[in-house]
Amino acid sequence: MGSVVISLDAELGWGFHDLDSPPSARVEAGRRGWVALLELCAEYDVPATWAVVGHLMLEGCDGRHADHPAPEGWFARERGEWADREDLRFCPDLVRAILDSDVDHEFASHSYSHVLFGRPETDRELAAAELERSLELAEEWNQTVDSFIYPRNDVGHRDVLAEYGVGAYRGRSPTHDGVRGLFDSTLRDRSMIVEPLVDEYGLVNVPASLFLFGFEGPARTVAESVWSDPMVVLARRGIDEAVAADGVFHMWLHPNNLTRGRDDERMRAILSYLDERRSETELTVETMADVARRTNTVDGIDGTASGIDSRATARQP
């Protein structure tokens, strides 16, 4: 029997600060979605891997980051348009809510300022600075970082992760998002189960299976009017596949995807079904770090060598 993983890209404004026209609905929904997901996970006792943009852990800053090797203009929106939007740039209160939850969530990294690691302009120095600063902040909060989620799933500089002791990352999904993914799964009967693998750097790649908000807009509205929420259908299918076979069904999303009540209901339907199947079978819910530890054990690798160990998550006083 397999397992289910849920990973969350927790970023608030940092997920959009480099865009010419950030999507206002999602920018403004980051905090409410964060709280809603924490409440839903607590209601159904579902642990998730929360990958947090490190800058959010700060109480404040001048927006200049003179010692950071980012390209010119990278922090321009923080100093300009969002200078008075501390709610988009910082959220130690929300980070603390993850750590204080009764659910055993995993604290992970989503970089320091949402730099895209796979872009040619992101050299090794910048990638290392992003990760190093994130780890410094985690240490200040008495946290360790075992897993990394690449901003916009732009995988790159895996050697840097290995050098800094991170043990796992979320790899690209082998299946498509949106309408194409729905077609492949329902009509072509393509499985969404993925197999974690140890890469050449000793990191565990925990590939994504399904982006839970890849079917939106008018297409979603039409589908719901004549059928049901297509993403709930896909998620239930993936959960059932995990019950029936070995491997991992790995769902992911951003807190800012929960912009309206119907988005909350989508997640409630998915987590409720996951809880139901878990209670009636031997299905387990794991974090990315759990999967990495298990994968390393199966492969005969000492998990502590790649940053994955069994230390309990420390909580900030």
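This is a predicted model: local features need pLDDT of at least 70, side-chain atom pairs count only at pLDDT 80 or more; totals for chains, interfaces and linings use all residues.

Mentor: Residues are numbered from 1 along each chain as its sequence is written, and side-chain values use heavy atoms, with hydrogens and water left out.

Trainee: Why is α9 called roughly parallel to α10?

Mentor: Helix α9 (residues 230-244) and helix α10 (residues 261-280) pack at about 20 degrees, axes 10 Å apart. Angles under 35 degrees count as roughly parallel, over 145 as roughly antiparallel, 65 to 115 as roughly perpendicular and the rest as oblique, so α9 gets the roughly parallel label against α10.

Trainee: Which residues in α9 and α10 meet?

Mentor: In contact (heavy atoms within 4.5 Å), α9 brings Met231, Val232, Ala235, Arg236, Ile239, Asp240 and Val243, while α10 brings Arg266, Ala269, Ile270, Tyr273, Leu274 and Arg277. That contact splits into 9 nonpolar, no polar and 4 charged residues.

Trainee: What makes leucine 40 count as buried?

Mentor: Its relative accessibility is 4%. Buried means under 20% relative accessible area, exposed over 50%, partly exposed in between (1.4 Å probe, protein chains only), so leucine 40 counts as buried.

Trainee: And which residues does leucine 40 touch?

Mentor: Skipping residues up to four places away in sequence, leucine 40 touches Asp264, Met267, Arg268 and Leu271. Leucine 40 and methionine 267 are 227 residues apart in sequence, yet 7.7 Å apart in space, C-alpha to C-alpha.

How values were computed: Axes are lines fitted to C-alpha atoms, for helices over the stretch in contact, and angles run from 0 to 180 degrees between N-to-C directions. Helices (H or I, at least four residues) and strands (E, at least two) are DSSP runs, numbered from the N terminus. Ala, Val, Leu, Ile, Met, Phe, Trp, Tyr, Cys and Pro count as nonpolar, Asp, Glu, Lys and Arg as charged, and the others, Gly among them, as polar.
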